[in-house]
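Please look over the model before reading on.

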Amino acid sequence: MFIGLGELQNSPLSVNSPYYLSEKAGLKVYEYNPQKAKELLLKAGFQYTKVGQLLDEQGNPVRFTLITDASNKVLQAMAVQVKQDLARIGISVDFNPVSLSLFLEKINFAFDWELYIDNNCWHRTE
């Protein structure tokens, strides 16, 4: 998990934050369970090919592009982890690290992104 340095965390805030919410304090958590995720996707109308690729209701592969700042190695490692985790449930992720200036242009002005990871959290288009 995260190049052997990470641990599971259910809060978007670091455990070092005074605002961190733990399970003991009432945070609802979800067990990491790729098989359960597949079952939920099937129940929602998705389907799988024989090789495990997730398809939407129209038979299109579920695939998107994930961008992040190429100069930030931590963000790149996080993006690779996201790509690997989503591949386990049949979702294809095209990871595209870009220069910081292009990254900022895409997310702040051009709105040319499907999913991105920055220093605050990850974001997706609606």
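Which residues does L54 touch, not counting residues up to four places away in sequence? In this predicted model, L54 touches L41, F46, Q47, Y48, N60, P61, V62, I89, G90 and I91.

**Nonpolar cores**

- L54 belongs to the largest nonpolar core, which has 12 residues.
- A second core of six residues is separate, and includes I67, F103, I107 and Y116.
- In soluble globular proteins, nonpolar side chains tend to be buried together.

**Helix α3 (residues 100-110)**

- F103, K106 and I107 are buried in α3.
- Seen down the helix axis, the buried residues of α3 fall within an arc of 80°, so they line one face.
- S101 and F109, on the other side of α3, are exposed.
- The cover over the buried residues of α3 includes β3, β4 (92-98) and β5.
- F111 follows α3 and has a positive phi, near 50°.

**K106**

- K106 sits in helix α3.
- Its relative accessible area is 16%, and the cut-off for buried is under 20%, so K106 counts as buried.
- Neighbours within four places in sequence aside, K106 is in contact with I67, F111, D112 and W113.
- Of these contacts of K106, I67 is one of the residues in the second core.

Technical notes
Residues are numbered from 1 along each chain as its sequence is written. This is a predicted model: local features need pLDDT of at least 70, side-chain atom pairs count only at pLDDT 80 or more; totals for chains, interfaces and linings use all residues. Side-chain values use heavy atoms; hydrogens and water are left out. A nonpolar core is a set of buried Ala, Val, Leu, Ile, Met, Phe, Trp, Tyr and Cys residues joined through side-chain atoms within 4.5 Å. Buried means under 20% relative accessible area, exposed over 50%, partly exposed in between (1.4 Å probe, protein chains only). Contact means heavy atoms within 4.5 Å. Helices (H or I, at least four residues) and strands (E, at least two) are DSSP runs, numbered from the N terminus. The arc is that of the directions from the helix axis to the C-beta atoms.
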